Amino acid sequence: MHADQTPTGRTSPGGRGGNRAAVLGSPLGRSLSPTLHRAAYAAMGLDWSFEAVECAKAALPAVWDSLGEDWAGLCLAVPLKRAVLPLLDEVSDLAMDVGGADTVVFRQGRSFGDHAGAHGITAALRQAGLEAPDSAVVLGGGAAACSALAALREVGVREPVVVVQERTGATEVEAAAGRLGVSVDLHHMNELQRLLRGVAVVVSTLPEEAADTLAPAVAHSGAAVLDAVYSAWPTRLAKAAGFNGSTVVDGLSLLLHRTVRQIELLTGRTDVPVAVLGRAARAELERRAARETEPAGSGGTLF
């Protein structure tokens, strides 16, 4: 199955005739997937359930074997995207190239793995008017950076610069670049200021704190910025770029587009209401922020 295909030939909306789906990974405490999927299913008139299932890498085979005919599919978080590949009957070209499947669809007794993360980045860039940047810098060398390479290839950037703290931590992104057919120029973080000169877009796949110290250099470059962080928004990186007048793409936009693609794959429908998902996500993030600021003794918990 190719990356741009949605599984077809179902006898009912669910992959195995079922209506259960879940996100698997560990830790999942702050995952917005249940909020987004439940909001979408309700708006689409689907009587589906969506759960968050804590699952460590070692437990995945047992959890996989326990899934019954009522399961339509799964969304996979860290650290399961690569670990699931040997369990699948079919894998899309994109998932193979990126090195992981973040969406699994069950259909007629078979499992199909695909990758929606790159679609999320591509759609977020295009929504912000970044249809064809001529150059890009990717911050970080992990799984999210692999998705970024695939997305940048889609918008025409085939020679991105990847900046990492340690070259030993970039083996994953280098391997993905080879499979994707892009040429990666790999550099250390201490070269960042030079590398940012004249660049069109910076894609940060770093955790919020890790990108804080890089904010001034990125902002001064004038490049558009996509920051994959969706909680604690705006990040210091986003604020600095925004103050400098740069285009800023938030991680929530990326997340919404990725989720839309996952729901399309799971349900076979293309009428996923992204506006409904956006409202649900923002309401949940506001709820969490309010609970985190409750005074001690208020009885509030984070989740």
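Which strands does helix H1 lie across? In this predicted model, helix H1 (residues 33-43) lies across E1, E2 and strand E3 (71-76). Its direction is at about 170 degrees to E2.

- Six strands form an open sheet with mixed pairing, in the order E2-E1-E3-E5-E6-E4.
- At the edges sit strand E2 (49-54) and strand E4 (90-91), each pairing on one side only.
- Strand E1 (residues 20-25) and E2 run parallel and are joined by 6 bridges.
- Arg 20 has Ser 49 in E2 as its bridge partner.

**Another helix on the sheet**
- Helix H12 (residues 251-267) also packs on the sheet, where it touches E1, E3, strand E5 (103-107) and strand E6 (110-114).
- The direction of H12 makes about 10 degrees with that of E5.

- In general, nonpolar side chains of soluble globular proteins tend to be buried together.
- The largest nonpolar core here has 33 residues, and Leu 125, Leu 149, Leu 152, Val 201 and Leu 226 have the most contacts inside it.
- Elements that each supply at least two residues of this core include helix H5 (117-127), helix H7 (171-180), strand E10 (201-204) and strand E11 (224-227).
- Helix H6 gives the most to this core, with 7 residues.
- Leaving aside residues up to four places away in sequence, Val 201 touches several residues, among them Leu 125, Leu 130, Pro 133, Leu 152 and Ala 224.
- A second, separate core has 25 residues, including Val 23, Leu 46, Val 260 and Leu 265.

Terms used
Residues are numbered from 1 along each chain as its sequence is written. This is a predicted model: local features need pLDDT of at least 70, side-chain atom pairs count only at pLDDT 80 or more; totals for chains, interfaces and linings use all residues. Side-chain values use heavy atoms; hydrogens and water are left out. A nonpolar core is a set of buried Ala, Val, Leu, Ile, Met, Phe, Trp, Tyr and Cys residues joined through side-chain atoms within 4.5 Å. Buried means under 20% relative accessible area, exposed over 50%, partly exposed in between (1.4 Å probe, protein chains only). Helices (H or I, at least four residues) and strands (E, at least two) are DSSP runs, numbered from the N terminus. Contact means heavy atoms within 4.5 Å. Two strands pair if DSSP finds at least two bridges between them. Axes are lines fitted to C-alpha atoms, for helices over the stretch in contact, and angles run from 0 to 180 degrees between N-to-C directions.
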